[in-house]
Amino acid sequence: MDVPLWFALLVVGYLGVKLIRPPAWLIAVLLLGGFLLADSVLAPAINSFVK
């Protein structure tokens with residue numbers, strides 16, 4: 001069964017928000033922070049750390 005990554009992330013994110021109920025500011029900080037880090041000079045270092 002092939003599930004697209006964007007769909008799996010959407011389902012996991014939706015369930016996480018519904019079950020854990022984090023504050024809205026925390027969700028915004030995580031999304032914005034991840035977006036900004038992905039396009040920064042730190043991206044290669046984070047990529048090698050994650051792999």
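Which helix gives the most to the lining of the largest pocket? Helix 1 does, with 6 residues; helices here are DSSP runs of H or I with at least four residues, numbered from the N terminus.

Before selecting anything, note that this is a predicted model, in which local features need pLDDT of at least 70 and side-chain atom pairs count only at pLDDT 80 or more, while totals for chains, interfaces and linings use all residues. Residues are numbered from 1 along each chain as its sequence is written, and side-chain values use heavy atoms, with hydrogens and water left out.

Select Leu9, Val12, Gly13, Gly16, Val17, Ile20, Pro22, Ile27, Leu30 and Leu31, which line the largest pocket (an open set of points on a 1 Å grid where a 1.4 Å probe fits, with protein on both sides within 12 Å along at least five of seven lines; lining residues have an atom within 4 Å of a point). Helix 1 (5-20) and helix 2 (24-38) are the elements that give two or more residues to this lining. The space in the largest pocket is about 260 Å³.

Next, select helix 2, where the count of buried residues (under 20% relative accessible area, with a 1.4 Å probe and protein chains only) is 0 among its 15 residues.

Finally, select tryptophan 6, which is exposed at 59% relative accessible area (exposed means over 50%), and phenylalanine 7, which is partly exposed at 39% (in between those two limits).

Notes: Grid points are joined across faces, edges and corners, and a volume is the space filled by probe spheres set on the points.
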